[in-house]
Amino acid sequence: MSPLLARGLAIPPALFVTFNLNRRWSFKHAAGGSYFRQLAAYLVTQSFGASCNFLIFMLALSMLPQPFNEPAPSIVLASGAALVVNYLGSRFLVFRQGRA
């Protein structure tokens, strides 16, 4: 399977699982709002992070020199950048204190 296709297929289930884990443990203090409203806000916010992840992954595959343009190092770079974007979005937009 193509590394790009594999990454594309992995993103939707990862978003759903991480939402529920974040809501239950990481941002438990702000999980009292509407489940579906928070899920929708999370999906929008994390879709931006997933897009950053996918873009950095594709750029790394196509532009970095050997051995960094292989799938594994490219995923590491992309995941690290998306980790920051996803956390900030979750912390300040989705699961902030007092959010309904």
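**Figure 1. Lining of the largest pocket in the predicted model.** By class, ten nonpolar, eight polar and one charged residues line the largest pocket of this predicted model. The lining comprises 19 residues, and A14, L15, T18, Q46 and N86 are those that lie nearest the centre of the pocket. Two or more lining residues come from each of α1 (3-26), α2 (35-63) and α3 (71-94). Helix α1 gives the largest share, seven residues. The space in the pocket is about 380 Å³.

**Figure 2. A14 in helix α1.** A14 is one of the residues that lie nearest the centre of the largest pocket, and its place is in helix α1. With a relative accessible area of 39%, A14 is partly exposed. The C-alpha atoms of A14 and A50 are 9.8 Å apart in space, while the two residues are 36 apart in sequence.

**Figure 3. The protein chain as a whole.** The chain has three helices and zero strands, and its elements run α-α-α from the N terminus on. Along the principal axes, the C-alpha atoms fill a box of roughly 45 × 25 × 20 Å. Of the 100 residues in the chain, 28% are buried. Among contacts with a separation of 6 or more, 63% are between residues 24 or more positions apart.

**Figure 4. The aromatic pair F19 and Y35.** Seven aromatic pairs are found in the whole structure. In one of them, the ring centres of F19 and Y35 are 5.3 Å apart and the planes stand at 70°, so the pair is edge-to-face. The pair ties together parts that are 16 residues apart in sequence, because F19 lies in helix α1 and Y35 in helix α2. F19 has 0% relative accessibility and therefore counts as buried, whereas Y35, with a relative accessible area of 27%, is partly exposed.

**Figure 5. The aromatic pair F27 and F95.** Here the ring centres of F27 and F95 are 5.1 Å apart and the planes are at 5°, so the pair is stacked. F27 belongs to the loop between α1 and α2 and F95 to the segment after α3, so this pair ties together parts that are 68 residues apart in sequence. F27 and F95 are both buried. Which residues do ring pairs link into a cluster? The cluster consists of F19, F27, Y35, F36, Y42, Y87 and F95.

Figure 6. N22 lies in helix α1. A relative accessibility of 16% is under the 20% limit, so N22 counts as buried. Apart from residues up to four places away in sequence, N22 touches F27, K28, Y42, S90 and F95. Of these, F27, Y42 and F95 also belong to the cluster linked by ring pairs, and S90 is among the buried residues of α3.

**Figure 7. A30 in the loop between α1 and α2.** A30 is located in the loop between α1 and α2. Its relative accessibility is 5%, so A30 counts as buried. Leaving aside neighbours within four places in sequence, the contacts of A30 are Q38, F95, R96 and Q97. A30 and C52 are 22 residues apart in sequence, and their C-alpha atoms are 26 Å apart in space.

**Figure 8. Buried residues of helix α3.** Which residues of α3 are buried? They are S74, A78, A82, G89, S90 and V94. The elements that cover these buried residues include α1 and α2.

**Figure 9. Charged ends over aromatic rings.** The charged end of R24 sits over the ring of W25, at 5.9 Å from the ring centre. The charged end of R91 likewise sits over the ring of F92, at 5.2 Å from the centre of that ring.

**Figure 10. The cis peptide bond between Q66 and P67.** Most peptide bonds are trans. The bond that joins Q66 and P67 is cis, with omega at about -5°. P67 lies in the loop between α2 and α3.

Definitions and conventions
Residues are numbered from 1 along each chain as its sequence is written. This is a predicted model: local features need pLDDT of at least 70, side-chain atom pairs count only at pLDDT 80 or more; totals for chains, interfaces and linings use all residues. Side-chain values use heavy atoms; hydrogens and water are left out. On a 1 Å grid over the protein atoms alone, a cavity is a set of points where a 1.4 Å probe fits but cannot get out, and a pocket is an open set with protein on both sides within 12 Å along at least five of seven lines; lining residues have an atom within 4 Å of a point. Grid points are joined across faces, edges and corners, and a volume is the space filled by probe spheres set on the points. Helices (H or I, at least four residues) and strands (E, at least two) are DSSP runs, numbered from the N terminus. Ala, Val, Leu, Ile, Met, Phe, Trp, Tyr, Cys and Pro count as nonpolar, Asp, Glu, Lys and Arg as charged, and the others, Gly among them, as polar. Rings of Phe, Tyr and Trp (its six-membered ring) pair if their centres lie within 6.5 Å; planes under 30 degrees apart count as stacked, over 60 as edge-to-face and the rest as tilted. Buried means under 20% relative accessible area, exposed over 50%, partly exposed in between (1.4 Å probe, protein chains only). A charge sits over a ring if NZ of Lys or CZ of Arg is within 6 Å of the ring centre and within 35 degrees of the ring normal. Contact means heavy atoms within 4.5 Å.
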